[in-house]
Amino acid sequence: MPRLPHTLLLRAYRISPLLPLILQGTRTLRSAINELRWIREHVEERTPAGLPESVVRRTLLKCCQRRSRGEPLQYILGTQPFGELDILCRPGVLIPRPTEAYTSYLAKILLEKRKVRMQALRASCSAQVKPYPSLRIVDLCTGTGCILLLLQSLLSSEFEDLHLTGWDVSNGAISLARKNLQRVETNQLIKILSRTTHSRISFRSLDVFANLTSQESEDLRCDVLISNPPYISEDHFNHETARSVRNWEPKLALVPTVSTSGSFAPEDIFYHRLLFLHFNVCASKVLLMEVGDEEQAFRVTRMTLEKIQQLSDRSRTITTEIWRDWPEAEPPENEDHEFYCKGQAIPLKGSGKLRAVFVFENGALL
Amino acid sequence: MSGAPWICRRCINTYLRPGRRRLIRFASTASHESFSPVLLARARNMAVEHDRLVEETAETFDAKISKRIGELRKVTTALKEWEENQSALSELQALITDPTSDEELRELAADDLTSTRTQMGTLSQNLVTSLTPKHPFEDMPCLMEIRPGAGGGEAALFASDLLRMYRAFCARRGYRVSMMKYDVADGDSGDTGEPPLAEAILEVEASGAYGEFRSEAGVHRVQRVPATESKGRTHTSAVSVLVLPSLPVNESDGQDIGQADLNDPNSDYYVSPADVRTDVMRSRGAGGQHVNTTDSAIRLTHIPTNTVVNMQDSRSQHQNRAKAWQLLRSKLAQARRDAREEEVTKLRRGVIGIAKMGRENKIRTYNYGQQRVTDHRSGLSVRNLDDVMEGGFELDKVIDSVKTWLGEREMQSLLAEEEEASHPSKPNKSK
């Protein structure tokens, strides 16, 4: 890590004596100024009125000192915005990354599919309105539960009957996800009460690699499978992750530690398992997996295509796409639009870095 | 002392009574006999339209039409009163000139005539006021953008002073305000310990705030010895204030314009998403789980007009995006309105002279040495600078004087416009 230049530290000090501390954590002045403002707002909000100014100052200094040691701002403030939600964060659970773009894009696709289906249903039996079938979404390695909670808030207005289940191996993550659920529901109380539809959302503990009991296999059955699994290799973890990630966030959520025996890289083991669950256990029609970088996206795509080829049922047409950071955005000219793999052109959607692999069954009703 | 010259009561009244202020110039240049026939024709047209619409909507209800009826009603009632009075006047005159009427009746009529004439004056004024078009943003809440201009650090310090002044003013008036954006620059902080201001956007969430603050847009000049000056010299610097309408974000809080207007491509409030480029900070390196960034800055660029909006105040990118869109919409709506006004002014320049107002012109001077605030449009000077800077009643006085000035100008341009429309060949005949 390069040393911070003295001129920068001096400039920061002139603006506020606390800034050099934060600068050690953020490394850039602009984000340090923003973070200091957020910390100050947080401290002023939390301190009960009537306490002397010195208490506020001391708390503020403590927070800044924590930040200077590289502790993520999200752990200091206790929350991280994710889409329209505010998600609780706590040491031991991975902080939500600003990847709400693909979550909301998935929600958009699901909403469109539902619209098509509703029109079809109305056309076929206009006399009697059938209750729409429920939609089941399973999120593996859910962490704070942010993806599932955001999906729920985006979808619940249109879907009559939503069943959402988040699974994680860590008990700390499960209890935090439940807290988040409670918090989101309290914040949206009015919205929920005014709604006639109901959605059920639960968080449960599961080791994805353990032998599944029959009950668990039954509970894993769903229409949409989504996951942000650990995907960083040991080598990348040691050399390419940010200091605050390496030192403060749980390694369990970042680096797969399961011993592998297959022909794939150890950091891809989760994708192998996810593909197995998607095709063999969950009977899901849509699969969305976050990936780390370009090479991994290509490896996972290849793995997916191989898996599809092995399927016994040849009548199923399954499409694979790779989504970039902002799948809805207009793709810039200097980025590729397609990737060729096993004789197939895989579209690369949107702009930014390759972020997720999306697998769905054509013509599947949701 | 007491060197004040004698001023006639009428002048004092017209300048001090707020109810009449807008009409000063009209009252002095036009009497009831010379009520502009073009304006009268316009008023009659509007009354006809009003009656027609009322008839049409007798059975059904349409929100848009009833809104229009509401606008026209004011003109129609004013016109009706004016016409009644006019006919009374002509009847009385006929009575007086009629040789067959007896002496007593003629005296009575002469008495009545004077009172009817004076009434005529007020009624004409009412009619003109009702004809003056309302500014389309008048009823909206507003955004005030304050940016330091020429003058370096001192301008930035004065920008924070102005911000404080407007906040205090809003607090006194009971308007709810929120800071939409607050950007600071690097540099030494002033005596208050705050870093110098680079840009601030204050959102005033009271309907009608735009009408209230509309006259504040422009360059505010300050002359004082800055806190940062060591040799005691007076500096002159400038701060620019921009007042934008704050458009409703969703249907529920939009009384004035509905969602339909926001989605209608022909409306001033419409912004096509295809014209806007969104930029977010892209992390170097792998991204994803490798980093945990707190960067939530958003930049929107409206490509056809090259309008750029930056927003980074909130931790949530979602919120920053929403705020940036709100700001962009407001900026574009204001720009389109300005362009239209500019066009009209250009057409009319020969008639009413060069308009003095514009964003680029200095509108007010705050002179600390003389403890004086002068508005360059209304020409009003007040001596209680401290009260103005605290957003006190003196600031009300200044703002009201500008509003009066604006009202007069609008009326003049209305007259000019109407006369121009009726005599397109001789645009300079009016006045």
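Two residues are in contact if their C-beta atoms, placed from the backbone, lie within 7 Å. This is a predicted model, in which local features need pLDDT of at least 70 and side-chain atom pairs count only at pLDDT 80 or more, while totals for chains, interfaces and linings use all residues. Residues are numbered from 1 along each chain as its sequence is written, and chains are lettered from A and ligands numbered from 1 in the order in which they are written.

**Nonpolar cores**

- Setting aside neighbours within four places in sequence, Met289(A) has contacts with Ser227(A), Tyr271(A), Leu274(A), Val300(A), Ala356(A) and Val357(A).
- A nonpolar core is a set of buried Ala, Val, Leu, Ile, Met, Phe, Trp, Tyr and Cys residues joined through C-beta atoms within 7 Å, where a residue is buried if 20 or more other C-beta atoms lie within 10 Å of its own, exposed if 12 or fewer, and partly exposed in between.
- The largest nonpolar core has 75 residues, and the members that touch the most others are Leu225(A), Met289(A) and Val357(A).
- Helix 7 (residues 146–155) of chain A, with eight residues, gives the most to this core; helices (H or I, at least four residues) and strands (E, at least two) are DSSP runs, numbered from the N terminus.
- Another core, of 54 residues, lies apart from it, and its members include Phe158(B), Phe213(B), Met311(B) and Ile399(B).

**Where the chains touch**

- On the two sides, 32 residues of chain A are in contact with 20 residues of chain B.
- On the side of chain A that touches chain B, two or more residues each come from helix 1, helix 3 (29–46), helix 5 (73–77), helix 12 (243–248) and strand 11 (351–361) of chain A, and helix 3 of chain A gives the most, with four residues.
- This side of chain A divides into 12 nonpolar, eight polar and 12 charged residues, where Ala, Val, Leu, Ile, Met, Phe, Trp, Tyr, Cys and Pro count as nonpolar, Asp, Glu, Lys and Arg as charged, and the others, Gly among them, as polar.

**Helix packing in chain A**

- The axes of helix 1 (residues 6–15) and helix 2 (residues 19–26) of chain A come within 8 Å and cross at roughly 130 degrees; axes are lines fitted to C-alpha atoms, for helices over the stretch in contact, and angles run from 0 to 180 degrees between N-to-C directions.
- Helix 1 of chain A is therefore oblique to helix 2 of chain A, given that angles under 35 degrees count as roughly parallel, over 145 as roughly antiparallel, 65 to 115 as roughly perpendicular and the rest as oblique.
- Leu9(A), Ala12(A), Tyr13(A) and Ile15(A) of helix 1 make this contact with Leu19(A), Pro20(A) and Leu23(A) of helix 2, and by class it has seven nonpolar, no polar and no charged residues.

**Helix packing in chain B**

- Helix 3 (residues 37–56) and helix 5 (residues 103–131) of chain B have axes 11 Å apart and pack at an angle of about 65 degrees, and these two helices of chain B are therefore roughly perpendicular to each other.
- Leu39(B), Arg42(B) and Ala43(B) in helix 3 of chain B meet Leu127(B), Val128(B) and Leu131(B) in helix 5 of chain B, and by class this contact has five nonpolar, no polar and one charged residues.
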